[in-house]
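Subject: Structure for your records

Hello,

My notes on it follow.

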Amino acid sequence: MPATEDVLIVGGGGAGLRAAIAIAETNPALRVAVISKVYPMRSHTVSAEGGAAGVVGADDSLDEHAYDTVSGSDWLCDQDAVEAFVEAAPRELLQLEHWGCPWSREPDGRIAVRAFGGMKKLRTWFAADKTGFHMLHTLFQTSLKYHDVKRYDEWFVTKLLVDDGRVQGVVALELMSGRIEAITAKAVILCTGGGGRVFPFTTNAVIKTGDGMSLAYRAGAPLKDMEFVQYHPTGLPFTGILITEAARAEGGWLVNKDGYRYLQDYDLGVPEPKPVLRSMELGPRDRLSQAFVHEQEKGNTIETPYGQVVYLDLRHVGADLIDRKLPFVRELCLSYERIDPVSELIPVRPVVHYMMGGVHTDIDGATPLGGLYAAGEVACVSINGANRLGSNSLPELLVFGARAGRAAAEYAATAKDPTPAVLAQGRDERRRLEQEFLRRADGSEPLSGLRNDLQSVMEASAGIYRSGDSLAKGADTVRELQERFGAVALDDHSRTFNTELVAALELGNLLDVAEAILHSAERRQESRGAHQRTDFPARDDENFLAHSLAYREPDGSCRIDYLPVTITRWPPGERVYGR
Amino acid sequence: MSDRPAYTEFHPRWYRRPISTWWWLGKRTYLLFILRELSSLSVAWFVVFMLLLVRAVGQGDAEYQRFLDRVDHPLVVLLNLVALAFVTFHMVTWFNLTPQAMVIRAGGRRVRPSWIMVSQYVAWLIVSAFVVWLLVGA
Amino acid sequence: MANTIVLQVARYRPEVETEPVMQEYDVPLRDDWAVLDGLNHVKDHLDGTLSYRWSCRMGICGSCGMTVNGEPKLTCATFLTDYAPGPVRVEPLQNFPVIRDLVVELGDFMRKLPKVNPWLVREEELPVSHGEYLQTPDEVDEYKQFSMCINCMLCYAACPVYGLDPEFMGPAAIALAQRYNLDSRDQGGPDRLEVLIEPEGLWGCTFVGECTRVCPKDVDPAGAIQRYKLTAATASLKRILLPRGAR
């Protein structure tokens, strides 16, 4: 039975579009399609602000970018993947420039680069402070050039079709009409992003619900390093809206209620009037977020109706530089906080921003499940290890999107056709969706209540600092929530653009993500990068210089296994910032 | 299951809101736009009037005098006043919109939009002064 | 200030109704709540059947465009207190077919967009190893404003030409074409002109200027289109006056 598509890419953000273009360029004969629950230009890549790192300076080198990434990751990344990544990043960013991306420039016309957290040299390319927006729109508009790339716009994938040990397509719901179809494909690439919405305060859009992670998890592929959740140090208090790291790179200071640059108390260097690379406000995100928690415990943070905050001070940076390099930051503060950063302090707090963990892939984006690939935030290669450096994730989309695209294309070119069994699976899934959600009239659990309960328990048990107790309790609560989810009440039984149904399916995905995070975190009895255990405060390379792999067992339980980290040239050392 | 699912390009149950003939009364900006477009009728009227005037002048003193008597009628005067108001509106909107439509460079930098606007008014003042001098002074 | 405000929301359930009806909801009136927060309150606590699009809630994804008190707005960037004491009328974006409640069908724009060749066109592609195409900050400023479009479609909702003639290419598509025309690296101007010189393209625009007024990102599509008209007129004149070879 012929497949409908050769390669089906789930998710139309930076990674998904880059993969589609890569396939259209290297193998135009293949039928490639992008299926996404939102139009591609709505993908969350659009809200990335700061920049994308790629070595261009004469005084910079690939080794230095690699070392910064390796030490930033607290040695949990796979160094072969990092080496491949830093080598390919400049080339990918240049390719994007050739496709029209409006990178900011030096006066002589060359690409401009700026400083960024955790990087020893200036290597972050940027497009004002809307880098993700420009990258996504460039990729989307370029993808329109390739007429063979088909798009399923506003289709929600609910399940991967697996038979004969390989993935053979998906089951998806067309939002507009409510029809549920099996779309067969020889290879599937997951580019669905992370799952920040499992926490209550996040920079993430509402669409970031870990859909791809859950799809892979339920299909039997492992989720790697899920316990590593990055808190971005500067998010606005009520909305969680991101205030880019670039604000600190251009000279912003983090001060507590006494106007004191408190980071100097946390082994991050000495305060200087101008930003110093890898020091103070340009330290790595995990250390900065942890410093906030300590300041809060000491009572040095400021109380607001939306919790404790510290201040980001941009007043000394000057209106001219803010309008040139941080115009979007100024716009956001004015709209959402009614504050002008030129003359006032911006209230900020750490908010969940990125998931270092995700679907386990190799250096070419292949998961252990045949025919299944993943790239972008949904995947864990891993280049980010226990903590990601700012401006590494945008080039990650390009580098691994392209690699996964090419690898999936090669696989699909010689893969067998789908088996008839998957069509039966498709019909079963359609029946399940109709019975459990659409036709159900006896639900008792309100959807928003369940979601709030999940987010609260994640914040309490798996926040910046965790303990064995909080994690175990959290895992129990999540199990309870999963049961309660079985009785979720839906008001909307329509087939036409039923967003309540989508929200319910997304909540199911978030519950899977939460389960993987909590179990992985409980088993990792050490502190490393973004995973900080109050009961195990030290890094334990002897036992835990390894990736956690979370598997969903056939009986529904979660099994944790370990995979050693690949070390090539940089043996584990101490992470030093500000010295 | 259909064997070739694709994006549904059209669905009969989509609701298309009808647009009323009076759509332009719905918003102040729409009304101003329609008035601006209608003002071109006034421009056309003045052109016609000017041609008739010139023809009357060319036909000699007597004909010219008869023409002036005819247009002295209160309705014609009112028409011309209304047309003058519309033409002024036409000019003001035109001058104010020009900077949006034209980006002028001088010495490598963009000329500021307010300058483009003001320079048109200045030019109009100069031409008007000249015409007034022709009619009154000379 | 009272602590609640009434939202009058347009509902349309195609399986049940043949045309939209208005439904009223009482939502909390908080200082920092956008209209979108009000809608979320309705969906989470009052009526789970309300459908609408939203995602980033920071005015960059373009999903949440709706008509608020008759004006096209991004509901995530429009604050309830600006409409106090209310009521606030929330309807789907104008000039698009309504699929359901506040969700409109955007297929027309998605089909039109590729027609203007919205990508960088080079007669000769240099390899990536050659390095970047040089572009000074001034050259970036030439087209930068027109590259800020988030495809929110507020301009299409505001444009009376598009409302009366759905064949019209529309502000965002033409502005995007102009963004590439003005990019110093691009050489695709003539091809785009071929497409846009049609009556439904450039010349459909009568410079109403509503698109620029409602644009939340200050893209100024009206300005882009008028400038483009000048280029198009000059190009047509050249074609008539100059013999083929001299072009």
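Predicted model: local features only at pLDDT ≥ 70, side-chain atom pairs only at ≥ 80, totals over all residues.

For chain C as a whole the mean pLDDT is 94, with 98% of its residues at 70 or more. For the complex, the predictor gives an ipTM of 0.96 and a pTM of 0.95.

Chain B is built from 4 helices and 2 strands, in the sequence order α-α-α-β-β-α. The radius of gyration of chain B is 25 Å, whereas a compact globule of 138 residues would have one near 14 Å. Its C-alpha atoms occupy a box of roughly 90 × 45 × 25 Å along the principal axes. Of the 138 residues in chain B, 5% are buried. Among the chain B contacts with a separation of 6 or more, 48% are between residues 24 or more positions apart.

One residue in chain A was also examined. A:Thr203 sits in the loop between strand S9 (180–190) and helix H5 (211–219) of chain A. Is A:Thr203 buried or exposed? It counts as buried because 27 other C-beta atoms lie within 10 Å, and the cut-off is 20 or more. Leaving aside residues up to four places away in sequence, the contacts of A:Thr203 include A:Gly196, A:His232, A:Leu242 and A:His353. A:Lys145 is 58 residues from A:Thr203 along the chain, and their C-alpha atoms are 32 Å apart.

Regards

Note on methods
Residues numbered from 1 in each chain as written. Chains lettered and ligands numbered in written order. Rg over C-alpha atoms; globule rule 2.2 N^0.38 Å. Buried ≥ 20, exposed ≤ 12 C-beta atoms within 10 Å, placed from the backbone. Contact = placed C-beta atoms within 7 Å. pLDDT = per-residue confidence, 0-100.
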